[in-house]
Amino acid sequence: MLFDKEQIIDFLKSLGKNDEAARADSELPDKVDTDKDRGLLEKFGVDPKEVLGRLGRSFGL
């Protein structure tokens with residue numbers, strides 16, 4: 001699954017993880033592939049399922 005880097009950064013900020021969000025901004029590619037970039041996501045404590053769930057709630061899904 002692909003996410004825009006900004007979606008990951010916004011997710012981290014919503015959790016109050018501003019330091020991780022700043023690091024993610026400089027280390028993640030513009031398009032984050034949850035399979036290919038799994039190690040980077042884990043480094044920032046990001047579970048793609050949580051991001052997807054939060055996005056779904058934002059859109060009323």
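Author: The protein chain exposes about 4,000 Å², and carbon and sulfur atoms supply 49% of that; accessible areas here come from the Shrake-Rupley method with a 1.4 Å probe, and for residues only the protein chains shown count as cover. Keep in mind that this is a predicted model, in which local features need pLDDT of at least 70 and side-chain atom pairs count only at pLDDT 80 or more, while totals for chains, interfaces and linings use all residues. Residues are numbered from 1 along each chain as its sequence is written, and side-chain values use heavy atoms, with hydrogens and water left out.

The protein chain has 4 helices and 2 strands (DSSP runs numbered from the N terminus: H or I of at least four residues for helices, E of at least two for strands). Read from the N terminus, the order is β-α-α-β-α-α. Of the 61 residues in the protein chain, 30% are buried (buried means under 20% relative accessible area, exposed over 50%, partly exposed in between, with a 1.4 Å probe and protein chains only). As for contacts (heavy atoms within 4.5 Å), take those in the protein chain between residues at least 6 apart in sequence: 56% of them join residues at least 24 apart.

Now for the close-up. Lys5 sits in helix α1, which covers residues 5-14. Lys5 is a buried lysine, with a relative accessible area of 13%. Setting aside neighbours within four places in sequence, Lys5 contacts Ala24, Asp25, Leu28, Pro29, Asp30 and Val32.

One of those contacts is also a salt bridge: the side chains of Asp25 and Lys5 meet at 3.4 Å, N to O (the rule asks for a side-chain nitrogen of Lys or Arg within 4 Å of a carboxyl oxygen of Asp or Glu). This pair links distant parts of the chain, with Asp25 in helix α2 (residues 18-27) and Lys5 in helix α1, 20 residues apart. In general, side chains of opposite charge can pair when their charged atoms come close.

Another of them joins Glu27 and Lys43, with the closest N and O atoms 2.5 Å apart. That pair, too, links distant parts of the chain: Glu27 is in helix α2 and Lys43 in helix α3 (residues 38-43), 16 residues apart. Glu27 counts as partly exposed at 32% relative accessibility, and Lys43 counts as partly exposed at 45%.

Then there's Arg38 with Asp35, where the closest N and O atoms are 3.5 Å apart. Arg38 is partly exposed at 40% relative accessibility, while Asp35 is exposed, at 54% relative accessible area. Back at the lysine, salt bridges that share partners join Lys5, Asp25 and Asp30 into one network.

Pro29, another contact of Lys5, lies in the loop between α2 and β2 (31-33). Pro29 is partly exposed, at 30% relative accessibility. Leaving out residues up to four places away in sequence, Pro29 touches Lys5, Asp37 and Leu40.

What about the rest of α1? Lys5, Ile8, Ile9, Phe11 and Leu12 are buried in α1. They lie on the same side of α1, because they cover an arc of only 160° around the axis (the arc is that of the directions from the helix axis to the C-beta atoms). Past the end of α1 comes Gly16, with a positive phi near 80°.

That brings in the nonpolar core (buried Ala, Val, Leu, Ile, Met, Phe, Trp, Tyr and Cys residues joined through side-chain atoms within 4.5 Å). The largest one has 13 residues, and those with the most contacts inside it are Ile8, Leu12, Ala24, Leu28, Phe44, Val46 and Val51. Both α1 and α2 supply at least two residues of this core, and α1 gives the most, with 4 residues. Val46, beyond neighbours within four places in sequence, is in contact with Ile8, Phe11, Leu12, Leu41 and Val51.
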